[in-house]
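Welcome, and please have a look at the model below.

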Amino acid sequence: MYQPYNNQPDYNQQPNNYPPYPDMGQSPYPDKRSSSMELAALVLGILSLSLFCCPYASLPCGALAIILALLSRGGERKCSSRGLGSLILGSLGLGLGLLFMLFAFLYSFVFSEDAWKNRELYLELYEDINSDGYEDIYRNLDRYLE
């Protein structure tokens, strides 16, 4: 066995018999991820996906699910599986809500027969405003309201 010179301590040996490295399963740093934010984001993501046909509920729930899922990382680069699931559900709910709102807008203003009648009326009214002025429009108001 090696004896140090003049009773100096042996620097190769750990003091107090501590293990040289922490266990591989334990991290010396605390986990900064927030499980309550992950749970809230997961609930909002599920609500957003299930209520995509109601854009007034789906869009805020989806946006909040995405925000909370990203904030739940706690400064880490990767999300946990629950955070990633809530991020995906919130994104799907937000996207489906926007597509539903776009489809409703296109159906009500482009594909509907009544929309074409109203569009022709609006164009005729616009032409009358620019050519005749407001007095003729008020005189012919009953023609426009048929």
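Helix axes here are lines fitted to C-alpha atoms over the stretch in contact, and angles between N-to-C directions run from 0 to 180 degrees. With that in hand, helix 1 (residues 35-50) and helix 2 (residues 55-71) pack at an angle of about 155°, their axes being 8 Å apart. Helix 1 is therefore roughly antiparallel to helix 2, where angles under 35 degrees count as roughly parallel, over 145 as roughly antiparallel, 65 to 115 as roughly perpendicular and the rest as oblique.

Please keep in mind that this is a predicted model, in which local features need pLDDT of at least 70, side-chain atom pairs count only at pLDDT 80 or more, and totals for chains, interfaces and linings use all residues. Residues are numbered from 1 along each chain as its sequence is written, and side-chain values use heavy atoms, with hydrogens and water left out.

**Overall make-up**

- The protein has six helices and zero strands; both are DSSP runs numbered from the N terminus, with helices being H or I of at least four residues and strands being E of at least two.
- Along the sequence, the pattern reads α-α-α-α-α-α.
- Of the 146 residues in the protein, 18% are buried; buried means under 20% relative accessible area, exposed means over 50%, and partly exposed lies in between (1.4 Å probe, protein chains only).

- Helix 1 passes helix 2 in a left-handed crossing, a term used if the near helix is turned anticlockwise from the far one by less than a right angle, with right-handed used if clockwise.
- The axes of helix 1 and helix 3 come within 8 Å and cross at roughly 30°, and these two helices are therefore roughly parallel to each other.
- The crossing of helix 1 past helix 3 is left-handed.
- For helix 2 and helix 3, the axes come within 8 Å and cross at roughly 150°.
- That crossing angle makes helix 2 roughly antiparallel to helix 3.
- The handedness of the crossing between helix 2 and helix 3 is left-handed.

**A nonpolar surface patch**

- Phe-52, Leu-96, Leu-99, Phe-100, Leu-102, Phe-103, Phe-105, Leu-106, Tyr-107, Phe-109, Val-110 and Phe-111 make a nonpolar surface patch of about 1200 Å².
- Patches take residues with over 30% relative accessible area and no salt bridge, joining like charges within 9 Å and nonpolar side chains (Val, Leu, Ile, Met, Phe, Trp, Tyr) within 5 Å.
- A salt bridge means a side-chain nitrogen of Lys or Arg within 4 Å of a carboxyl oxygen of Asp or Glu, and accessible areas come from the Shrake-Rupley method with a 1.4 Å probe, where for residues only the protein chains shown count as cover.
- Leu-99 has its place in helix 3 and is exposed, with a relative accessible area of 54%.
- Leu-99 and Phe-52 are 47 residues apart along the chain, and their C-alpha atoms are separated by 9.0 Å.

**Other residues worth a look**

- Leu-98 also sits in helix 3, where its relative accessible area of 43% makes Leu-98 partly exposed.
- From C-alpha to C-alpha, Leu-98 and Phe-52 are 8.3 Å apart in space and 46 residues apart in sequence.
- Arg-33 is found in the segment before helix 1 and is partly exposed, with a relative accessible area of 27%.
- Arg-33 and Gly-83 are 50 residues apart along the chain, with 9.6 Å separating their C-alpha atoms.
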